[in-house]
Amino acid sequence: MSRAKRAEYELSGSYLRKTFQLLGHALRAEPLRFATAITSAGIFGVLTVLFGSLLGLIVDQVVIPSINGEPAQGWWGEHTSTNRDAVLLAGGVFVAIGLANAALIAVRRGAQGGAVAGVGARHRTVVADALASLPLGWHRANPAGRMLSAMSSDSETATNPLHPLAFTIGSFTMMVAAGWRLIVMDEWMALTAMMVIPAVLGVNFLYEKVISPLWDAGQSLRAEVSTIAHESFEGGTVVKALGAEQIESKRFAVKVDALRDADTRVGAVSSWFEPLMDAMVPLSSLAIMIVGTYRAQAGAVSVGDVVSAIYLLALLAVPIRGIGWVLGQMPSALVSFQRIAKISAAATEVDEPGHVSLPREGAGALSFRGAHVGADDGDGNPVVIVEDVTLDLEPGTVTALVGATGAGKTTVALAAARLSRALEGEVVLDDHNIEIVEALGGHVALVPQTAFVFAGSVRDNVTLGDQYHDDEVWTALRRAAVQDVIEDLHHNGDALDAQLDERGMNLSGGQRQRVAIARALVREPRVLVLDDATSAVDPGVEQEILAALRADGEGPTVLLIAYRLASIMLADRVIHVHDGRVVDAGTHAELVARDEGYRELVTAYEQDTKRRDAEAAEVID
Amino acid sequence: MSNIELEAEGHADFETKLSIPETFRRGLSISPEIRKGLGVTLFLALLAAIAKATIPYLTQRVTDDGLLAPSGVNATLVTELVVGGLVVVLASMIIEWRVRRRMVIAAEAGLATLRKKAFDNVHRLSVLTQNSEQRGRYVSRVTGDVDTMRDLMQWTGAGMIVAAMESTVVLIVMAVYSWQLALVVVLCYVPLLWVTLKVQPVIRRAYGDIRARMADLLGRTSEQLVGVATIRSYGVQERMRQRLRGEIDDINRAERRASWIASSSFSMTAFGQSFATGAALVAGTALGIRGDLSVGTVAAFSLLVYMFSGPLMWIIEMLAEMQRALVGWQRVIELVDAESTVNEPKHPVELPHGELDVVADGIRLTYDGEDEVLKGISLRLPAGKRLAIVGQTGSGKTSFARLMARFFDPTAGTISLSGVDVRDVRLGELHRRLAVVPQEGFLFDGSILDNLRYARPDEADDVLRSDATAAFDDLGLATWLTGTGHGLDTPVGTRGELLSAGERQLVSIARAYLTDPDVLILDEATSAVDPATEVRISRALERLMKGRTSVVIAHRLSTAERADLVAVMDHGELKEFGPHAELVGAGGIYSRLYDAWVAQTRD
């Protein structure tokens with residue numbers, strides 16, 4: 001992630017400062033559309049003033065004379081011969097202004113909507129760009145929902161205050177003009193009218209203060225309700241199997257009731273806010289009437305000035321109301337904006353950290369030299385998970401990493417693909433620290449346990465957009481023992497064009513894993529890292545794949561994490577990992593002979609089979 | 001975590017599609033709280049509307065009679081009118097506050113009920129309807145869709161009702177002044193409203209399109225989240241970003257398009273305001289010339305048109321919002337009304353005490369409109385015996401086993417336990433006597449003990465605790481339980497994710513053990529877990545099955561080998577059935593499978 005992008009999303013300083021930073025970000029992201037919308041809003045404001053004065057003018061110069069049987073006056077009288085024509089002309093002018101207004105509204109709202117959409121797209125793009133640049137530790141520490149909600153609801157919420165933005169800024173011209181005219185007219189009336197500004201802002205401020213904690217409480221309960229629903233529906237089969245519908249119903253109802261109460265509290269506060277805001281202008285008008293009356297009695301202003309002041313006051317309040325809308329959405333928008341900013345700031349991984357290009361010939365020699373391997377803890381701090389690993393993978397050999405769950409096997413596997421880091425010591429490929437190897441993916445291919453399969457063609461899923469000939473793809477599929485499955489996907493036409501569903505849902509778990517293996521094999525990697533990549537594959541097929549890897553003697557160096565004894569026994573060397581340390585390394589036979597922990601682990605199957613046989617014998621006796 | 005709507009509009013899961021009046025009728029009958037006190041609320045809203053409509057009248061009196069009085073400024077009258085105005089403004093404010101508050105309370109109560117009813121019905125649906133893909137949608141219905149409803153009811157609903165009443169009150173005032181002019185104004189609005197309403201479906205489709213694209217984007221994102229390690233290790237970050245950016249740009253374009261359609265529709269109503277004002281002036285002047293109207297009335301009309309159209313414009317603007325909420329409401333109602341296919345028996349029969357045998361007779365099963373999954377399965381499993389069902393993925397073995405637990409019902413045929421059709425047994429009783437241990441041990445957030453409570457909801461805490469300890473002992477899991485650190489109080493996390501897959505399986509075995517069922521349905525796990533846990537699981541399962549009638553969906557032949565009876569299924573048919581030794585010698589599918597297995601493992 002570039003430094004510029006991070007700076008773009010940085011918010012600092014006071015609340016007000018952050019507010020301006022958020023708005024500034026939006027205006028910078030969509031300058032043209034916002035400018036168009038603001039200009040239309042400004043012209044619209046002017047026309048609104050015009051409409052008001054025109055109405056009075058027409059009533060005075062056309063309507064009243066016509067009804068009283070007198071000729072139309074002013075401009076209207078000069079341009080028409082009969083009163084009938086004058087009336088029609090006046091009507092026509094209204095229609096024309098209406099059309100102009102309508103066009104301005106359409107342009108303002110259309111451009112405004114486009115601008116907001118653009119800012120939303122900018123937020124989403126930042127999140128999308130961050131996805132593959134976030135450290136794996138971040139992904140482990142944060143649920144998938146975090147990214148998904150950043151992509152959807154956060155991006156939306158962060159743009160909410162922008163909807164009334166153009167209208168608000170555009171109508172500022174109206175406010176300034178109205179305010180200036182008021183000051184020229186009479187300072188006391190101006191002062192009275194201006195009171196509406198601090199009053200509206202004050203009510204807004206108070207409202208935010210009161211509502212924010214209530215709103216937060218509601219949001220966290222909303223998340224809890226959602227979590228329970230997720231969990232309960234996901235475990236629907238278990239709920240049914242246990243006949244636990246009643247328990248679940250109660251569990252959900254408790255939270256729903258709490259959410260109802262929290263939302264009712266939010267609603268109770270906001271239900272006085274809107275009417276209070278609505279009352280601001282009428283209340284100020286009443287104040288202006290009183291002040292205006294006494295100023296008129298004192299001869300300081302004319303009666304016409306008071307009437308105008310009432311009208312101007314209404315205009316004064318329009319942008320203020322807009323500010324209220326903008327500010328009202330601001331607290332939640334800032335929270336969402338900062339959530340996106342945090343993701344953007346955490347995306348620190350560089351796409352290509354290497355610069356040394358290695359020849360791509362023969363199996364690779366991969367070594368760990370006193371490596372303390374660690375990962376990001378999700379807050380940007382490195383944590384050592386496996387200590388002091390020293391091991392050598394001879395070119396073309398198969399090495400199995402064996403250890404109980406949580407021993408640190410995956411961390412070692414990830415380090416081989418530069419996805420976790422040696423915080424001390426180093427990981428070396430052909431005598432080069434892998435940190436500086438360019439296009440490491442061409443040398444080391446990692447296949448994780450959870451297969452990455454996306455909606456798209458089989459070809460795209462295997463090549464990931466890199467250039468491979470179809471024959472090469474088919475060869476890889478065959479070596480991954482998934483060729484027949486793919487052939488069955490498409491009965492006519494090219495099976496490589498067959499579409500896989502989202503997350504590969506039209507394949508079984510084992511088939512998805514095999515597609516992921518084909519993806520690694522098509523790259524003819526020099527080192528292949530299989531992190532429990534065959535867990536859902538049928539044991540027989542697993543053997544077939546692994547055996548084929550070394551059949552021609554030209555296969556890659558393989559680092560394998562597996563639980564099945566048969567797979568472990570295929571390895572030339574076995575490394576036993578326990579509690580974040582390498583405890584022993586050697587052949588399977590050597591380890592069985594000297595390493596008790598290893599013996600316990602891998603002979604567990606055998607022991608179990610024997611024990612079961614013994615039990616059966618007992619029963620027969 | 002926020003609510004994520006993954007569901008595209010128009011993507012109906014159920015056949016019924018409600019009309020708008022039906023939605024309201026059904027929705028209100030599901031949530032009667034919304035209707036409670038609605039009459040009073042509406043009356044108060046009317047009062048607020050009337051109060052609001054008098055404010056411009058007062059302004060006019062102040063101007064005409066107070067400031068422009070023939071005898072000079074009348075300060076006394078102005079003061080009186082201002083005080084009157086103050087009372088009216090404050091009164092309308094307080095009344096509107098009450099209206100909104102009442103609506104919030106009623107709406108929140110109604111929505112809570114709606115949420116609960118929808119949630120409960122999801123668990124009543126058969127497992128068939130509840131497949132994994134749908135579940136995410138159901139979550140978005142009880143969360144996102146209800147929240148859209150809430151936004152409407154809390155923020156716009158009350159305002160809309162007051163606005164509608166304001167327009168109506170003003171219209172009545174207009175008609176009282178001059179019915180002819182009122183008619184002119186209404187006629188001006190009719191074509192505009194007609195066009196606006198015609199455009200609404202287009203707008204709705206445009207927004208539906210955005211939602212569908214949004215769902216695609218989220219799908220792509222979650223795919224890539226799964227594949228982050230792969231994406232980075234192959235160095236295809238930029239290409240994957242491009243995929244997402246493509247989707248984002250599509251959404252951006254769709255949003256811009258929708259925004260232009262919506263804005264042109266809204267600008268129509270703004271035009272309507274000027275048009276109606278102009279028309280009222282022309283028509284009013286014409287009527288005035290004939291002597292039917294006074295100057296004051298004509299002048300007043302321009303203000304009245306403004307007052308009439310303001311709230312109307314606002315309502316039209318909110319229509320899109322309202323439709324979104326209505327669609328959400330419809331979706332939740334659909335979920336509440338979705339018919340559960342597995343129902344409690346009308347005339348329940350009690351299962352006999354003691355061991356139970358299982359008999360399937362001519363079982364056929366067809367999922368909605370798809371190929372037949374089970375094509376007439378009949379077999380008998382004697383009480384206390386163990387049956388292993390083997391067959392390839394798609395052979396129907398899982399469906400068959402699930403029928404026994406009434407996860408859904410067969411299309412034809414019966415399954416009976418010791419002669420009692422499972423459909424005649426109360427669901428509660430059936431689940432006490434017959435336990436299912438699914439493949440993936442699924443746990444609920446809480447402690448291990450909390451999860452065991454699902455087996456015995458009404459048990460006293462200390463009894464459950466000592467029984468649970470004993471259960472872990474019996475299953476040979478005492479050491480494991482001690483090793484967890486906090487024993488029965490060990491937290492398992494959401495979906496049990498703090499435990500490993502194998503450990504979750506252990507807890508769900510203990511949970512089944514505590515139920516003490518007479519019949520067990522087991523789905524053997526396919527994923528490999530670490531050997532130590534694997535041993536614990538198989539040992540615990542053996543002990544759990546001991547002396548109980550058991551049906552195992554077997555993925556390993558070693559499992560089938562240990563069963564009393566083996567059923568071989570293929571494409572929905574029962575091909576072979578009998579003891580392991582017998583089938584091995586029969587020269588059929590099973591013996592071929594067995595020979596291949598032996599050849600592979602024993603060389």
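A charge sits over a ring if NZ of Lys or CZ of Arg is within 6 Å of the ring centre and within 35 degrees of the ring normal. The model is predicted: local features need pLDDT of at least 70, side-chain atom pairs count only at pLDDT 80 or more, and totals for chains, interfaces and linings use all residues. Residues are numbered from 1 along each chain as its sequence is written, chains are lettered from A and ligands numbered from 1 in the order in which they are written, and side-chain values use heavy atoms, without hydrogens and water.

**Exercise 1.** Identify the ring over which the charged end of A:Arg523 sits.

*Solution.* The ring belongs to B:Tyr234, and the charged end of A:Arg523 lies 4.6 Å from its centre. In chain B, the charged end of B:Arg98 sits over the ring of B:Trp97, at 4.9 Å from the centre.

**Exercise 2.** Classify the ring pair of A:Tyr9 and A:Phe337.

*Solution.* Step 1: rings of Phe, Tyr and Trp (its six-membered ring) pair if their centres lie within 6.5 Å; planes under 30 degrees apart count as stacked, over 60 as edge-to-face and the rest as tilted. Step 2: the centres are 5.0 Å apart and the planes stand at 20°, so the pair is stacked. Step 3: the two residues are 328 residues apart in the chain, and both A:Tyr9 and A:Phe337 are buried (under 20% relative accessible area, with exposed over 50% and partly exposed in between; 1.4 Å probe, protein chains only).

**Exercise 3.** Classify the pair of A:Phe452 and A:Phe454.

*Solution.* With 5.3 Å from centre to centre and 40° between the planes, this pair is tilted. A:Phe452 counts as buried because its relative accessibility is 1%; A:Phe454, at 2%, is buried as well.

Technical notes. Helix = DSSP H or I, 4+ residues; strand = E, 2+ residues; numbered from the N terminus.
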